[in-house]
Amino acid sequence: MKHISRIYTALVMVFLYAPIAVMVVYSFNASRSTSVFGGFSLKWYAELLNDSSTIEALENTLVLAVLSSLVATVLGTLSAVGIFSMKKKWAKTAAMTVTNIPMMNPDIVTGISLMLLFVFVGQMVGSKNSLGFGTMLIAHITFNLPYVILSVLPKLRQTDHHLAEAAQDLGCTPFMAFFKVILPSIMPGVFSGLMMAFTLSLDDFVISYFTTGPDFQTLPIKIFSMTKRRVTPDMYALSTLIFLSVLLLLILSNVAQARSEKRREGAKA
Amino acid sequence: MNKKRTDFAQKLISAPYIVWSAIFIIVPLLMVAYYAFTDKSGAFTLDNISGLSRYAKTFGMSLLYAAEATVISLIIAYPLAYFMSNMKAGAQRMMSMLIMLPMWMNFLIRTYSWITILAKTGIINTLLSKIGIGPVQLINTPGAVVLGMVYNYLPYMVLPIYTVMVKIDKSLLEAADDLGSSPISRLRRVIFPMTVPGIISGITMVFVPSVSTFYISQKLGGGKTMLIGDVIEMQFQSSYNYNLGAAISLVLMVLILISLAVMNRFDDSEEGGILI
């Protein structure tokens, strides 16, 4: 049984990592092809660093991800608190149903529905090119919001609400009670919502594809237009770099987590 | 006095989100319906909807491929989740990291890499020719499209099933053993029923993106396999027939909502709050 388990797990891992291995290997390919390997070279990495449009797309992606995840986190945390404290059951159900819509709908439908809204409003205002950074930012905030709300809500359920009441009895305004009592106790949820929103925004292609204009390109959009023609290995080089930085981040966070767990165990003993 | 003020503050706090979701979630969906039932000049018409019969085959194919991909993912994911749940804590954390890691890579590049593996001069065919089997047509087939779906969305099947699997109380399994159940009946009557919520969310998370994909079919199907996502993408990005595109999206959305509603009837967990 032990052997079956190991072999099976290894096979699935081969399946999951085969394309990534291919990408890493071919990023060092001396020839231009993405199917024939013609010797080791670093020239695609050099080319990547000299390609200003790729660097610009990378910057755009990061700016968009930071802005949209921050706005979504603030707005989402407030709305989670609001939804949580709704007294009427129907209002709560309605709010949760609406929150679930962008998660349940296929990305392509979310993308085109927002695009139609932007184009429609654009036509009414009379602007010819309504799609761009602004519309993309709105779209990213919109699809990030549910993930923030759904990661904050469980933390709110775990929080003891008598504490906030106690704070108010002792003279806090509701505003102060929120910042001094509620917010610290839901912080882990807020943080994981922020991280999720950030990575979703970083990686989104489908919704961005329908809500962006010709003037604003993010990395996934750029990759898409490149894969329409032939992919050159510099895209593989870029993806390899992204892969390595994600790997590094994950290892670091795992080590930090394991350490803090050990410390907690040590404190208990 | 204080209580009233608190209530008011709490109402105020969710106001921005209510406004936001009304404008950017509800109104866009109404826009889809509006475009689906109007023509280019904005007059009411049913032509877009009635013209959809032309795409019946495409709809059928998309549903079929997505269903195939979902079933295959489930078959691969279930044993994996089971094996994972029996590993040591450190190995479990390592495994869930390994399964999540590919999802952080750009999905376009990951899909594109499969071309290198499957192409006529690709890795598999090179290996096959070494042992004397002629080049096999792998790329640009329906099989390649389904493979692309399974590859991209498999983690979404593994993780929810694994999450419910680790929560199963091991003493229940021991009890089943003690009461004389065979490993098969233990799996069928104890483990399986308790993992149904995970299976259902896994199925949803694989089926919905598979049925609406357009990139995978373009790259791995070589344009021969037109899926419903491709047709929608075409209406919005090349032939600029927004009205027809909206009509197709509307039908796709309704189809998905119906299948989700049917699925959710099998799932009686309280979390969620999907109201259909």
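Which way does α3(A) pass α8(A), in a left-handed or a right-handed crossing? In this predicted model, the crossing turns out to be right-handed. Helix α3 covers residues 52-84 of chain A and helix α8 covers residues 174-203 of chain A; the two pack at an angle of about 145°, their axes lying 8 Å apart. On the α3(A) side, the contact takes in residues including A:T61, A:L64, A:A65 and A:S68, while α8(A) brings in, among them, A:I182, A:V190, A:G193 and A:L194. Sorted by class, the contact of α3(A) with α8(A) comes out at 10 nonpolar and 8 polar residues, with no charged ones.

Another helix pair links the two chains. From α5(A), A:I108, A:I112 and A:M115 meet B:G229, B:I232 and B:F236 of α11(B). This contact splits into 5 nonpolar residues, 1 polar and no charged.

As for chain B as a whole, there are 12 helices and 0 strands. Its radius of gyration is 24 Å, well over the 19 Å that the globule rule gives for 276 residues, so chain B is more spread out than a compact globule. Along the principal axes, its C-alpha atoms fill a box of roughly 80 × 70 × 30 Å. Buried residues account for 41% of the 276 residues in chain B. Of the contacts in chain B between residues at least 6 apart in sequence, 72% join residues at least 24 apart.

How values were computed
Residues are numbered from 1 along each chain as its sequence is written. Chains are lettered from A and ligands numbered from 1 in the order in which they are written. This is a predicted model: local features need pLDDT of at least 70, side-chain atom pairs count only at pLDDT 80 or more; totals for chains, interfaces and linings use all residues. Two residues are in contact if their C-beta atoms, placed from the backbone, lie within 7 Å. Helices (H or I, at least four residues) and strands (E, at least two) are DSSP runs, numbered from the N terminus. Ala, Val, Leu, Ile, Met, Phe, Trp, Tyr, Cys and Pro count as nonpolar, Asp, Glu, Lys and Arg as charged, and the others, Gly among them, as polar. Axes are lines fitted to C-alpha atoms, for helices over the stretch in contact, and angles run from 0 to 180 degrees between N-to-C directions. A crossing is left-handed if the near helix is turned anticlockwise from the far one by less than a right angle, and right-handed if clockwise. The radius of gyration is taken over C-alpha atoms; the globule rule is 2.2 Å times the number of residues to the power 0.38. A residue is buried if 20 or more other C-beta atoms lie within 10 Å of its own, exposed if 12 or fewer, and partly exposed in between; C-beta atoms are placed from the backbone.
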